[in-house]
Amino acid sequence: MYSVIANNLKKQYGKKKDVVTALKGISFEVEQGELFGIIGPDGAGKTSLFRILTTLLLPDGGTASVDGLDVVKDFKAIRQRVGYMPGRFSLYQDLTIEENLDFFATIFNTTVKENYDLIKDIYSQIEPFKDRRAGKLSGGMKQKLALSCALIHKPSVLFLDEPTTGVDAVSRKEFWEMLRSLKKQGITILVSTPYMDEASLCDRVALIQNGEILSVNSPEGVINSFRQPLVAVKDSNMLQLLNDLQNFEGVQNAYPFGEYHHVVLKDGYSANTVSDFLQQHNYHQPDVKTIRADIEDCFIALMKVSGEL
Amino acid sequence: MLNAHALRQLAEPGEIINMRTLRFLLQKEFRQIFRDPSIIRIIFMMPSIQLLILPWAADYEVKNIQLSVVDHDHSQYSRQLVNKVTSSGYFKLQDYSGSYLNAMQHIEHDEADLVLEIPADFEKKLIRENEATLFMAINAINGVKANLGGAYLRSIIQDYNREVRLKWVQLPRFNPELQIEVTSSNWFNTSMNYKYFMVPGILVVLVTMVGAFLASLNIVREKEIGTIEQINVTPVKKYHFILGKLIPFWILGLLILTIGLTLARVAYGIVPTGSLLVIYTFAAVYLLAVLGLGLLLSTYTSNQQQAMLLSFFMMMVFILLSGLYTSIDSMPAWAKAITRVNPVTYFIDVMRMVVLKGSGLKDISTHLFTVLGFAVVLNTWAVIHYKKRS
């Protein structure tokens, strides 16, 4: 059985003149106990999608179900069994850590004690500061508290809307480790993020852009679907290099990628042809090497294709 | 073996658990209120400041009217008249000159409010012809001051007129003109102390502000911070959430009323003639109505700024169209219609009735039921309009 099903979901904002279409018919399924990532740039429709699935927003079209319950009709039952962590920290800043946790446990008719084992790993890290007000916590601690509060009623599905936005690299890594261990407890987790590098940490990912899903696949599947030759190029004048590369007939797409430029080539071209081209253009010893695409390259390629359509 | 969780789900009678949720919502609300220093300040400072300072400024008696006298006569009678006017305490002799133009200049510079011109043959005419004329010019920029100043001066001159006649005619063989003297007695506020009348009214405004506006700001703040979103995804019921917001501010409103009544007694010696029970009964119902209004405001606004501005606008309308400062009877028909749908009007009326006249529950029952009607309508409207999802 699928844990979450979205079927042709549509959502529009605004009236007559200024209509913004946030979702243009989104469909996907999430398996029970899966860690499902929704990757997309800002404004892609991730938050709208999550708000529909957590029964905060009514869709304009399409249907969706969570745990086999319809998000429109059975919203009351869904609220009992989902955990939602919005992108913005939205716990009570003037209550302490402990008070916030107690509060959310109580309104779900449970107690902290009852489900303590579920949040133990996360909550134990902030427990020493339990008398501190939530507003006075650091970003990483706020995030742990928010996750604890979303988990305190033992939800079967957890929705995390951009949990790692604005969090430092170490905390991000820690956070994903926490998600992996939660997954072991059988909780279905939907997580949205604008960071493509986090995609490889999910079981499956959906790439979403402009309210449409571009692909749903496992991270390996996404990488394997990338069939074109890819090279990394480096030289002293990187800006000039990028301009020159974009003029090369064999180049399909070239973009900066860390200290290298990644160049997607058309079929029939290779690192050698790029090297030759550059030497003709007065580059003495360009550093050109063939690389295996990672998930970011795949997404950039997918987004470029959809952008051109 | 059943664990605790399963047991609870089996025995879901609802009510006990519901009460527990509500209790927790209330506990959370009170914690937040008492942790916010600005709210504490509002609760204790606002009534003190408003009740201890405002009644002194909201004085209907006009004093210190700047008087400019133009005396062309310079006689004994004219001096007596000026003396009488200035010794009344209402007027300050700004200048005493011989030219009207000069006095007019003072009016133009806003240094004088009233000009009293005494013609050259004032004394002569008064004695010989038994009548004399005086001229009064009033600066009408401040309507209240002009009106009252003119009236005061007129009555002082009349008084003077009588004195003069009394001196001349020891035995009234016959009165040259018919005179009716009116004496009055002020019921319910014997000394016509305006504070007895203003303080209860100002107290009503205070209670209204706490009830309607603190409550609406509180809810809108949850919207603004996003915490309402977290609450909305929980199974908390709509009426739980709303009750959790209404009850604390209902209690706060009654607390402010208590502080206000104590201050009124200590600072102004105002002891309600009627029963406190009547005041509190009415206040309890009244607070339901204004809390409903606050709730309604919060469902129509999305941030604290909007709520603030809207509250501000409503408060102005409420105060000016409530009969706090001006008499409702003298308002145009459309304004009277508005005062009838203004809950503040009813509470101010009730406060004055109970505090000054000692009215009982029976006397205020119409007011009570009207406000109860407001409470039902406003709260129903607000609950219908409050949505847990959009």
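These notebook entries record what I looked up in the predicted model of chains A and B.

**Conventions**

I number residues from 1 along each chain as its sequence is written, and I letter chains from A and number ligands from 1 in the order in which they are written. As the model is predicted, local features need pLDDT of at least 70 and side-chain atom pairs count only at pLDDT 80 or more, whereas totals for chains, interfaces and linings use all residues.

**Entry 1: chain A as a whole**

Of its 309 residues, 43% count as buried. A residue is buried if 20 or more other C-beta atoms lie within 10 Å of its own, exposed if 12 or fewer, and partly exposed in between, with C-beta atoms placed from the backbone. I also looked up the contacts in chain A with a separation of 6 or more: residues 24 or more positions apart account for 69% of them. Two residues are in contact here if their C-beta atoms, placed from the backbone, lie within 7 Å.

**Entry 2: domains**

I found chain A divided into domain 1 (2-223) and domain 2 (227-292), with 39 Å between their centres, taken over C-alpha atoms. Chain B is assigned domain 1 (24-57 + 191-385) and domain 2 (65-168), and their C-alpha centres lie 47 Å apart. These bounds come from an automatic or database domain assignment. From the UniProt record, an unreviewed entry, I took the annotation "domain: ABC transporter", which covers residues 4-235 of chain A; such annotations may be inferred rather than shown by experiment, and the positions follow the numbering used here. Over residues 4-235 the chain is 31% helix and 29% strand, and the end C-alpha atoms are 48 Å apart.

**Entry 3: strand E1 of chain A**

I followed strand E1 (residues 2-13) to its partners, counting two strands as paired if DSSP finds at least two bridges between them. E1(A) runs antiparallel to strand E2 (residues 20-31), joined by nine bridges. A:Tyr13 stands opposite A:Val20 in E2(A). Six residues lie between the strands of this hairpin, where A:Gly14 takes a positive phi near 85°. E1(A) is also antiparallel to strand E4 (residues 61-66), through five bridges, and A:Ala6 stands opposite A:Ala64 in E4(A).

**Entry 4: nonpolar cores**

I defined a core as a set of buried Ala, Val, Leu, Ile, Met, Phe, Trp, Tyr and Cys residues joined through C-beta atoms within 7 Å. The largest has 94 residues, and A:Leu53, A:Phe159, A:Ile189 and A:Leu190 have the most contacts inside it. Not counting residues up to four places away in sequence, A:Leu53 touches A:Val4, A:Ala64, A:Val66, A:Val71 and A:Phe159. Another core, of 62 residues, lies apart from it and includes B:Ala215, B:Leu252, B:Val350 and B:Met353.

**Entry 5: the contact between chains A and B**

I counted 24 residues from chain A and 23 residues from chain B in the contact. On the side of chain A, helix H2 (75-81), strand E6 (82-85) and helix H3 (97-107) each supply at least two residues. H3(A) gives the most, with four residues.

**Entry 6: A:Ile300**

I located A:Ile300 in helix H10 (residues 295-308) of chain A. A:Ile300 is partly exposed because 17 other C-beta atoms lie within 10 Å.
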